[in-house]
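This report describes one protein for a reader who has the sequence and the model at hand. Please consult both while reading.

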Amino acid sequence: MNGDNKNRFTIIKDDSNDGHGGYGVGAISLENMSSVIVDPNENKAYIDMGAMHARSEVERRVKFQPERDKVPDGKLYWIVWVNVARNETGPYYAGVTGCEIVVDRPNKIAYKSMPEHVRNMEKSLKGHIIVEHMDEHSRHLLRDFLKEFKPEFWENSTDELKDSLE
């Protein structure tokens, strides 16, 4: 891994709303979530926190189309929402959900389903594992990235996650 500042997971923090019951109580906290881009075309996975606001490098400088078939020559990427939690053994990858994005860089067009991204981001926050629709190569790239990035998080993770990425 390179030492880029932008290549970090946002690690567990205390809840700033803990106990006071004021403004923001009940709001969803994204402090423990990171976005991992899986690029099967270049055989790599990396963190790009810009995806949290639809501003990842993959999403920039393209016009999104409402239907996938409007981007027939696009390259497939995955934005994977990774949520970190803590259990009795320490921090672990709790929620991992993948969403496709198809980008045709030469024609400056792309496709992604915003409802799917929002739904999967929420499911990741709730600890769901949704990666079965990803191709095997992309799942393995994600698995290898998560294992290498924070081996202790991987070790503490559920068998469901590990089995899903095999």
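## Aromatic pairs

How many aromatic pairs does the structure hold? In this predicted model, there are 2 aromatic pairs.

Phe145 and Phe149 form an aromatic pair that is stacked, with 5.4 Å between the centres and 25 degrees between the planes. Both residues lie in helix H2 (residues 136-149), and because they are 4 residues apart there, about one helical turn separates them. Phe145, with a relative accessibility of 6%, counts as buried. Phe149 counts as buried as well, at 15%.

## Charges over rings

The charged end of Lys112 sits over the ring of Phe64, at 5.3 Å from the ring centre. The charged end of Lys150 sits over the ring of Phe153, at 5.9 Å from the ring centre.

## Overall architecture

The protein contains 4 helices and 7 strands. Read from the N terminus, its elements follow the order β-β-β-β-β-β-α-β-α-α-α. Of its 166 residues, 44% count as buried.

Among contacts between residues at least 6 apart in sequence, 64% join residues at least 24 apart.

## Strand pairing

Strand E4 (residues 75-87) pairs with strand E1 (residues 33-39) in an antiparallel arrangement, joined by 6 bridges. Within this pairing, Ser35 has Trp81 in E4 as its bridge partner.

E4 also pairs with E5, again in the antiparallel sense, over 13 bridges. Ile79 has Cys99 in E5 as its bridge partner. A hairpin of 2 residues joins E4 to E5.

## Nonpolar cores

In soluble globular proteins, nonpolar side chains tend to be buried together. Which residues have the most contacts inside the largest nonpolar core? They are Val36, Val38, Val80, Tyr93, Val96, Leu142 and Leu146, in a core of 22 residues. E1, strand E2 (44-47), E4, E5, H2 and H3 each give two or more residues to this core. Helix H2 provides the largest share, 5 residues.

Leu142 illustrates how parts of the chain meet. Apart from its neighbours within four places in sequence, Leu142 is in contact with Val36, Val38, Val80, Val96, Val131, Met134 and Leu165. A second, separate core has 14 residues, including Met52, Val62, Ile79 and Val103. Ile79 is the residue whose bridge partner in E5 is Cys99.

Note on methods. Residues numbered from 1 in each chain as written. Predicted model: local features only at pLDDT ≥ 70, side-chain atom pairs only at ≥ 80, totals over all residues. Heavy atoms only, no water. Phe/Tyr/Trp six-rings, centres within 6.5 Å; stacked < 30°, edge-to-face > 60°. Buried < 20%, exposed > 50% of the residue type's maximum accessible area, 1.4 Å probe, protein only. Lys NZ or Arg CZ within 6 Å of the ring centre and 35° of its normal. Contact = heavy atoms within 4.5 Å. Pairing = 2+ DSSP bridges. Core = buried A, V, L, I, M, F, W, Y, C linked by side-chain atoms within 4.5 Å.
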